[in-house]
Amino acid sequence: MISLIDLKRQYTMLSNEINEAITEVLQSGQYILGPKVVEFEKRCSEYLNVKHCIGVGNGTDALVIALESMGVGNGDEVITTPFTFFATAEAIVRVGAKPVFVDIDPFSYNINPDEIEKKITPKTKAIIPVHIFGQVCDMDKILEIAKKYNLCVIEDACQAFGAEYNDKKAGTIGDVGCFSFFPTKNLGGFGDGGLIVTNDDEVAEKARMLRQHGSKKKYYNELIGFNSRLDEIQAAILLVKLKYIDDWNKRRSKIAQRYNQGLKLNGLITPAKTNNCERGHIYHLYVLQHERRDELIKYLSQKGIATGVYYPVPLHLTKALQFLGYNEGDFKVAEEVCRKSFAIPMFPELTEEEIEFIISSINEFGGSI
C-alpha cells in the first residue's frame, strides 16, 4: 500500500540524528522549556526572518494564544474561511469571539479576498487567512483591507512552514503567524507542537506569558493563561528536521509538477498555483477534484493507493457551529470543493516508481484513456 504520507521512511533516513537528539534531552534532565526549545525558537527566528518565535503545545493553542495576545475576545468578530481544519474556527470561539466566514477562491482554495469587505462590521476585529494545503493566500489584498479597517491579521500557516510570498515566509506577513508541528506537517514532530511568530514585542511578551499560566516569573501569575509549552523532546527532533525543510519542500514541488504533467483523467482538476513565488506553494497536501470522487477513491484503494478527503464538510455546516446560523448554499464554492476534492500521496520520500504508478492508476480509472 502506498501511504498518503509515510512517516516511517523519514524517520529511517534520520534515525541516527533523531535518536541522538532524544538521548541528549533524556540525559540532560531538562524536559520543559529547556535549551532545545530556546535553540529551536532561535533557529526558527533566523529561518523565518522574524523577531520573536514562541513554542507552544500545538497549532490550535498557537491560534488561541495569538488571538488573545492580539486582544481578540468576547463580542468580537473574526473573518476566516469555512474550508479549513476545525481548529481555525474553534480557536476563535474559544476566546469568546464569533467566526464570520467568507467563501473561497475556486482555484487556490484560499479565502477569496474580494469577498472579505462585504462581511466587515463594527464588531470585526481580525482576519485569519489560512494558507491551505501549503499555498499562501493573496496577502497584499488582505493586508490592504486590514489597514483600511484597522484590523489585525493572524496567519494560520499551520500547513505552510517554508512557503513564501513576495520574499517573505508564510506566517511573517501579517501581525502574527501560527504553525503546527503535527507529525504529518511538512515540518512535523513525533507528537504535537506549535509555534507563534511575530515582530511585535508586546504581543510576543503576552504570548510567552499566556503559554505558561500567565506568568513572567514562576508563581507570580499576572494573567489567566494556559499550560501550553513546546515539549523539549519535540524541539530536539524539530531542530534535526529543520535542516532539511527546504530540500523536502523542493522535492514536494517536484512531485507536484510531475503529477500536474502526468495526470490526464477526463474531468480531473489538479491544484492551481496562484502564487508566482517559487515556493508560493509547498504542497503540504496535493488535492485533486473529480465528480466521481468516491468511486475514484475506492478504485485507488483497490490498487493499493491511499487517499484522504480534505475536507468532507465545510465548517459552516458542522454540527458544532450550527449556532452561527449558516445554511447549505451559503458558501457554494467551499461546498462544491468539499464534495469533489481528495488528496493523493504526497511526501518527499515517494519513489519515482510509486509516483508513476499513482499517475497511471488515476489515468486508467474508468478506461478514460
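Modeller: Two strands pair if DSSP finds at least two bridges between them. Strands are DSSP runs of E with at least two residues, helices runs of H or I with at least four, both numbered from the N terminus. This is a predicted model, in which local features need pLDDT of at least 70 and side-chain atom pairs pLDDT 80 or more, while totals for chains, interfaces and linings use all residues. Residues are numbered from 1 along each chain as its sequence is written, and side-chain values use heavy atoms, without hydrogens and water.

Colleague: How do you know that β5 and β8 pair?

Modeller: Count the bridges. DSSP has to find at least two, and β5 and β8 share three, in the parallel sense. I154 has V176 in β8 as its bridge partner.

Colleague: What makes β8 and β9 a pair, and in which sense?

Modeller: They have five bridges, and the sense is antiparallel. C178 is bridged to I196 in β9.

Colleague: Which sheet do these strands belong to, and what makes β1 and β3 its edges?

Modeller: Seven strands form an open sheet with mixed pairing, in the order β1-β9-β8-β5-β4-β2-β3. β1 (52-56) and β3 (98-101) each pair on one side only, which makes them the edge strands. From one strand to the next, the twist averages 25°. At the β3 end, β2 (residues 77-80) pairs with β3 in the parallel sense over four bridges. I79 finds its bridge partner in V100 of β3.

Colleague: What touches the sheet?

Modeller: Helix α3 (residues 59-69) packs on the sheet. Its contacts (heavy atoms within 4.5 Å) reach β1, β2, β5 (152-156), β8 (176-180) and β9 (194-198). The direction of α3 makes about 165° with that of β8. Helix α6 (residues 201-211) lies across β1, β8 and β9, at about 15° to β1.

Colleague: Why is α3 called oblique to α6?

Modeller: Start with the axes, which are lines fitted to C-alpha atoms, for helices over the stretch in contact, with angles from 0 to 180 degrees between N-to-C directions. Those of α3 and α6 come within 9 Å and cross at roughly 130°. Under 35 degrees counts as roughly parallel, over 145 as roughly antiparallel, 65 to 115 as roughly perpendicular, and the rest as oblique. That leaves α3 oblique to α6. I65, E68 and S69 of α3 meet V203, K206, A207, L210 and R211 of α6.

Colleague: Why are α8 and α11 put in another class of angle?

Modeller: The axes of helix α8 (residues 245-262) and helix α11 (residues 352-363) cross at roughly 30° and come within 10 Å. The two helices are therefore roughly parallel to each other. Their crossing is right-handed. R251, I255, R258, Y259 and G262 in α8 meet E352, I355, E356, I358, I359 and N363 in α11.

Colleague: Why is H131 called buried?

Modeller: Buried means under 20% relative accessible area, exposed over 50%, partly exposed in between (1.4 Å probe, protein chains only). H131 has 0%, so it is buried. H131 sits in the loop between β4 (124-127) and α5 (139-149). Leaving out residues up to four places away in sequence, H131 touches partners including N110, E155, D156, Q159 and G171.

Colleague: What makes β8 mostly covered?

Modeller: Five of its five residues are buried. V176, C178 and S180 point one way, G177 and F179 the other. In a regular strand the side chains alternate between the two faces of the sheet.

Colleague: What makes up the largest nonpolar core?

Modeller: A nonpolar core is a set of buried Ala, Val, Leu, Ile, Met, Phe, Trp, Tyr and Cys residues joined through side-chain atoms within 4.5 Å. The largest has 98 residues, and F40, L48, L67, V72, F83, I116 and F161 touch the most other members. Helix α7 (residues 232-242) gives the largest share, seven residues. Another core, of 24 residues, lies apart from it, with L265, I297, I305 and M346 among them.

Colleague: How do you know that β12 and β13 pair?

Modeller: They share four bridges, in the antiparallel sense. L288 stands opposite F342 in β13. Y286 and L288 point one way from β12, V287 and Q289 the other, and all are buried. Buried residues of α10 pack against β12 (286-289), α9 (293-302) and β13 (341-344).

Key. A crossing is left-handed if the near helix is turned anticlockwise from the far one by less than a right angle, and right-handed if clockwise.
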